[in-house]
Every structure is written in structure tokens, then in C-alpha cells.
Amino acid sequence: MLATKQLTFEYGPSKQFSFPDVHCANRESLLILGQSGTGKTTFLHLLALLLRPKSGSVVIGQTDLTQLSSAETAAFRAKHLGIVYQKPHFVSALSVLDNLLLANYLANKPQDKNRARELAAQLGFSEQLGKKTHQLSQGEQQRVSIARAVMNQPDVILADEPTSSLDDENTGRVVTLLREQSEQIGASLIVVTHDQRLKDVIQNRVAL
Ligand SMILES: Nc1ncnc2c1ncn2[C@@H]1O[C@H](COP(=O)(O)OP(=O)(O)OP(=O)(O)O)[C@@H](O)[C@H]1O
């Protein structure tokens, strides 16, 4: 479960944001829609406490993230949050498998090769596990990025414009995979996007 209350943020006096309260239960999906520049990425970064709000709270489960120290926030993020970025960021020197295992390492958990292989099979990239990530197509990289986000069975999955550069067919696929994964592990799924196509798939929505 993720809930925010009265979140505000500013990059400076002329760039201030006051965000609507959102609530997303376990196994539910929430779409955050907004045009370019309305603060979608800023909001997502506040939800992940990659940015600190000026005021307000971000509660995940029983924990108010705004009350944690920086070190506690980083540890909480690695264990309880899975983030899918618009453009996947991988460690290029590592194989696909090792990029997945890195999520375990960063969360201070034992490396779970079985889970990595299971996810690769479910998401259809088993053949690519030994390759470097730059050898994969964009769609394959997107699926690896979803797998990496759910490696630690997070409580919340945050996705930033996961479909903006995809055609209709792949958009449908990526959203279905995100929803399937969040349902399987009982996570809340929050997707931030300007992609109006997602309105058909995720009914709960908030506009920025
Ligand atoms: N580091 C920063 N310093 C100052 N202003 C910033 C910074 N990052 C973003 N902004 C501004 O804040 C506003 C919101 O940016 P943000 O990236 O959150 O929007 P967005 O809705 O995700 O946009 P897009 O859909 O184009 O990615 C923009 O006007 C942007 O120029």
C-alpha cells in the first residue's frame, strides 16, 4: 500500500508543486496522468524519496518514508520498491543475469538465480540471460527492466513512462506484464505517464 498526503516540492521559488493525495492498495494499479512538464517524474521521484518533499508524507505499508534518514531511505527503497525507468539503466559491463542479481545485492539479500531464471522465462528472455544488455532489443530491455524491478518482490512498483516509445501491441504487453507481476507478488503498481492509451487498461487514475 502506498499513500501520500499533502505533498509539496520546489526546485526554486518559481517552480513549486502541490500534488494531489494518492492511495494505491496492494494488488491495485494507479495511473498518474499529466502533460509534459506537469511534474510526473518529479512526483514519481518523491514517491521513491529520490527527492525529498518540502512538506507532506509518503507512506508505504506502515512506514512514513519522510521520517527516515538518507541511509534508511536508501535501504528501504532497495528492499521495498521496484522502479521501471522510461529508458532502462543497466550496468553495461554485466550480463543480463548479473544485472538482475545486482538488485538482490543492493537490497542486501542473497543472490537468487532461480528467481532471475523464473522471471526470465515468464517475461520471455531466457535466451538472453548470458548476453550484455546492449545486445538486446528495446522491448527486451524493457522486459529485463521489469524483471529487475520485481526481483526483490517489492511492496510497490513505480513505472515512469514505461510505454512512451512503444507501439500499441508492445504497450499492451508491457502493461499486462507489469500488472501480472504486481498481482503475483501483491504489490501496488503506480504508472506515471502522458500515454492516454493506458487509460483503457488502468481504470484508477489521478491527473496532475
Ligand atoms: N532539477 C530541476 N531543476 C529545476 N527545474 C526542474 C528540474 N527538474 C525538472 N524541473 C522542472 O519541473 C517541471 C516538471 O518536470 P518533470 O520532469 O517532473 O515533468 P514531467 O511531467 O515528467 O515532464 P515530461 O513528460 O516532459 O517528462 C518542468 O517544468 C521542469 O523544467
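Reader: Which residues of H1 are buried?

Author: This is a predicted model. In it, the buried residues of H1 are Lys40, Thr42, Phe43, Leu44, Leu46 and Leu47.

Reader: What follows H1?

Author: Leucine 49 comes after H1, and its phi is positive, near 55 degrees.

Reader: Where else is phi positive in a residue other than glycine?

Author: Asparagine 108 is one such place, with a phi near 60 degrees. Glutamine 153 is another, with phi near 50 degrees. Glutamine 153 sits in the loop between H5 and S8.

Reader: Is asparagine 108 buried or exposed?

Author: Asparagine 108 has 10 other C-beta atoms within 10 Å, so it is exposed. The cut-off for exposed is 12 or fewer.

Reader: How do H3 and H5 sit against each other?

Author: H3 is residues 96-106 and H5 is residues 138-150; their axes come within 8 Å and cross at roughly 30 degrees. Angles under 35 degrees count as roughly parallel, and H3 and H5 are therefore roughly parallel to each other. Their crossing is right-handed.

Reader: Which residues make the contact?

Author: From H3 there are Val96, Asn99, Leu100 and Ala103, and from H5 there are Val144, Ala147 and Arg148. By class, the contact of H3 with H5 has 5 nonpolar residues, 1 polar and 1 charged. Val96, Asn99, Leu100 and Ala103 are also among the buried residues of H3.

Reader: Why would contact residues in a helix be spaced like that?

Author: An α-helix has 3.6 residues a turn, so residues three or four places apart point the same way.

Reader: What angle do H4 and H5 pack at?

Author: About 140 degrees, with the axes of H4 and H5 10 Å apart. Roughly antiparallel needs an angle over 145 degrees. H4 and H5 are therefore oblique to each other. H4 passes H5 in a right-handed crossing.

Reader: Which residues are in that contact?

Author: H4 gives Leu119, Ala120 and Leu123, while H5 gives Arg143, Ile146, Ala147 and Val150. The contact of H4 with H5 has 6 nonpolar residues, no polar ones and 1 charged.

Reader: And how do the axes of H5 and H6 cross?

Author: H6 is residues 168-185; the axes of H5 and H6 come within 11 Å and cross at roughly 15 degrees. H5 and H6 are therefore roughly parallel to each other, and their crossing is right-handed.

Reader: Which residues of H5 meet H6?

Author: Gly139, Gln142, Arg143, Ile146 and Val150 of H5 do, and on the H6 side they meet Asn170, Val174, Leu177, Leu178, Gln181 and Ile185. The contact of H5 with H6 divides into 6 nonpolar, 4 polar and 1 charged residues.

Reader: New topic. How far apart are the C-alpha atoms of serine 18 and leucine 208?

Author: They are separated by 9.5 Å, although serine 18 and leucine 208 are 190 residues apart along the chain. Serine 18 is in strand S2 (residues 15-18), and it counts as partly exposed, with 13 C-beta neighbours inside 10 Å.

Reader: What about arginine 115 and aspartate 168?

Author: Those two are 53 residues apart along the chain, and their C-alpha atoms are separated by 29 Å. Arginine 115 lies in H4 and is partly exposed, with 18 other C-beta atoms within 10 Å.

Reader: Last one. What does UniProt list for residues 2-206?

Author: An unreviewed UniProt entry lists residues 2-206 as "domain: ABC transporter". Over that range the chain is 35% helix and 23% strand, and the end C-alpha atoms are 14 Å apart.

Conventions. Residues numbered from 1 in each chain as written. Predicted model: local features only at pLDDT ≥ 70, side-chain atom pairs only at ≥ 80, totals over all residues. Axes fitted to C-alpha atoms, helices over the stretch in contact; angles between N-to-C directions. Helix = DSSP H or I, 4+ residues; strand = E, 2+ residues; numbered from the N terminus. Parallel < 35°, antiparallel > 145°, perpendicular 65-115°, else oblique. Left-handed = near helix turned anticlockwise from the far one by under 90°. Contact = placed C-beta atoms within 7 Å. Nonpolar A, V, L, I, M, F, W, Y, C, P; charged D, E, K, R; others polar. UniProt positions renumbered as here; feature names shortened; annotations may be inferred. Buried ≥ 20, exposed ≤ 12 C-beta atoms within 10 Å, placed from the backbone.
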